[in-house]
Amino acid sequence: MRTAAVIATLNEAERIAGLVRALRGEVDEVVVSDGGSTDGTLDRAQAEGARVVHGPPGRGAQLDRGAAVAVADRLWFLHADTAV
């Protein structure tokens with residue numbers, strides 16, 4: 001079974017790269033669903049290999065968008081400040 005981490009973000013540039021790097025060894029796929037960041041969050045997430053989607057802010061809607069594009073069998077929903 002494949003597992004995807006789905007992370008809702010909004011201006012998490014300082015944290016997102018480290019989290020995506022840490023998750024690479026734990027999950028098969030990382031999806032970052034952004035709600036309108038203006039601080040480089042998306043660029044940093046993509047640079048670390050995360051799949052990125054974006055749309056209006058709202059954690060529930062963001063997690064739903066992320067889940068919709070994930071191709072894994074299991075989903076793990078995380079906050080950007082999660083320590084792995």
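A pocket is found on a 1 Å grid over the protein atoms alone: it is an open set of points where a 1.4 Å probe fits, with protein on both sides within 12 Å along at least five of seven lines, and lining residues have an atom within 4 Å of a point. Its volume is the space filled by probe spheres set on the points, which are joined across faces, edges and corners. This is a predicted model, in which local features need pLDDT of at least 70, side-chain atom pairs count only at pLDDT 80 or more, and totals for chains, interfaces and linings use all residues. Residues are numbered from 1 along each chain as its sequence is written, and side-chain values use heavy atoms, with hydrogens and water left out.

Start with the largest pocket, which holds about 170 Å³ of space. Select Ala 8, Thr 9, Leu 10, Glu 12, Pro 57, Gly 58, Arg 59, Gln 62, Leu 78, His 79, Ala 80 and Asp 81 to show its lining. Strand E1, helix H3 (59-69) and strand E4 each supply at least two of the lining residues; helices (H or I, at least four residues) and strands (E, at least two) are DSSP runs numbered from the N terminus.

Stay on Thr 9, in strand E1. Thr 9 counts as buried because its relative accessibility is 2%, where buried means under 20% relative accessible area with a 1.4 Å probe, protein chains only. Leaving aside neighbours within four places in sequence, its contacts (heavy atoms within 4.5 Å) include Ile 16, Ser 33, Thr 41 and Gln 62.

Next, select helix H1, residues 13-24. Its 12 residues reach 18 Å from first C-alpha to last, close to the 16 Å expected at 1.5 Å a residue, that span being 1.5 Å times one less than the number of residues. Colour the buried residues of H1: Ala 13, Ile 16, Ala 17, Leu 19, Val 20 and Leu 23. They pack against strands E1 (3-9), E2 (29-34) and E4 (74-79) and helix H2 (41-47).

Now show Ile 7, Leu 23, Val 30 and Val 32, the residues with the most contacts inside the largest nonpolar core, which has 14 residues. Such a core is a set of buried Ala, Val, Leu, Ile, Met, Phe, Trp, Tyr and Cys residues joined through side-chain atoms within 4.5 Å. H1 gives the most to this core, with 4 residues.

End at Thr 3, also in strand E1. Thr 3 counts as buried because its relative accessibility is 15%. Among its contacts beyond four places in sequence are Val 27, Ala 72 and Trp 76.

Note on methods
Buried < 20%, exposed > 50% of the residue type's maximum accessible area, 1.4 Å probe, protein only.
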